[in-house]
Amino acid sequence: MRLTLRQLEIFAAVARSENVSQAAGRLAMSQSAASSALVELEGLYDCPLFDRIGKSLHLNSAGRGLLPLAESLIGQARELEDYLSGGRPGPLNVGATLTIGNYLATLIVVDYMKQYPQSPVQLQVANSETVVERLLRFECDLGLIEGDVVHPDLVVEPWLADELVVFCAPGHVLAGSAKVDNAALSAHAWILREPGSGTRSQFDRCIGSRMSKFRLGLELEHTEAIKRAVESGLGLGCLSRLSLREAFRRGSLIELPTPQFDLRRHFYFASHRRRNTGAAGRLFRQACLAASAGASSTGDLALPFIR
């Protein structure tokens with residue numbers, strides 16, 4: 001075999017950033033050494049992997065075909081190293097949607113790193129669309145996502161049941177209603193997540209599409225900002241029950257009964273079917289399942305920071 005794992009590791013790092021300097025920095029090597037290794041790999045098989053435009057690198061079709069194969073082999077090599085070194089899991093890059101990342105994944109990461117202190121975890125929190133894009137670009141090993149995602153390159157498995165909740169401020173005119181119909185909901189502004197989030201996609205599908213008119217007041221990227229805006233009386237909101245538990249307990253926000261909508265959904269594990277996450281990926285999934293053990297949904301979770 002003429003190629004080396006180090007060459008593939010350098011190729012994959014350059015492919016992810018399309019920048020030799022950044023890739024070299026992440027791999028703790030000089031830019032010239034990284035560039036030489038990349039040129040040597042291409043020269044071994046007379047197969048350019050990048051289009052070079054000025055100082056910029058862009059994956060060509062051969063490079064795009066090689067990347068998932070290289071990532072899979074690197075993952076298997078890391079798993080082999082874990083095994084030979086006594087089972088210590090390697091580094092892990094987790095992508096989590098905002099609801100999961102802000103209210104659940106952080107605690108899981110803390111517990112995981114206490115158990116495996118020499119195995120770092122990088123947690124990237126973004127909306128569902130961005131997490132999926134990172135998985136497809138091999139920029140993260142495991143995704144924790146909300147809402148339905150279908151893509152031929154992804155393996156998506158259910159983790160935990162969740163539901164969206166319509167809510168308002170305690171002083172809102174609809175607060176305390178036994179049931180709120182679509183006409184009443186249409187009469188008020190909505191404070192919602194941005195397009196591309198799983199929460200917004202489900203709202204548009206389950207609620208927005210069933211109202212004859214729909215008034216958007218604000219689009220915000222963060223659940224806490226939405227909660228503050230609704231608390232201030234700017235309109236109605238719709239978020240995961242997980243993100244609202246503490247506010248409902250305090251009474252700073254009020255749930256509005258909307259039985260006409262089916263707002264149930266799931267949290268999912270997602271991974272690229274060609275990426276081997278090794279021991280770290282398996283152990284982190286186990287940590288997620290342990291954190292939700294005994295809970296049929298997010299409403300049943302017993303977590304210290306949302307009691």
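Seven is the number to start with: the count comes to 7 aromatic pairs in this predicted model. To pair, rings of Phe, Tyr and Trp (its six-membered ring) need centres within 6.5 Å; planes under 30 degrees apart count as stacked, over 60 as edge-to-face and the rest as tilted.

Take Trp 159 and Phe 269: their ring centres are 5.1 Å apart and their planes sit at 20 degrees, so this pair is stacked. It ties together distant parts of the chain, with Trp 159 in strand S6 (residues 154-168) and Phe 269 in strand S11 (residues 264-272), 110 residues apart. Strands here are DSSP runs of E, at least two residues long, and helices are runs of H or I, at least four, numbered from the N terminus.

Next come Phe 203 and Phe 214, with centres 5.4 Å apart and planes at 45 degrees, so they are tilted. Phe 203 belongs to helix H8 (residues 198-206), while Phe 214 is in the loop between H8 and strand S8 (216-220), 11 residues away.

How covered are these rings? Buried means under 20% relative accessible area, exposed over 50%, partly exposed in between (1.4 Å probe, protein chains only).

| Residue | Relative accessible area | Class |
|---|---|---|
| Trp 159 | 10% | buried |
| Phe 269 | 1% | buried |
| Phe 203 | 1% | buried |
| Phe 214 | 31% | partly exposed |

Elsewhere, ring pairs join Tyr 112, Tyr 116 and Phe 284 into a cluster.

Residues are numbered from 1 along each chain as its sequence is written. Local features need pLDDT of at least 70, side-chain atom pairs count only at pLDDT 80 or more, totals for chains, interfaces and linings use all residues, and side-chain values use heavy atoms, leaving out hydrogens and water.
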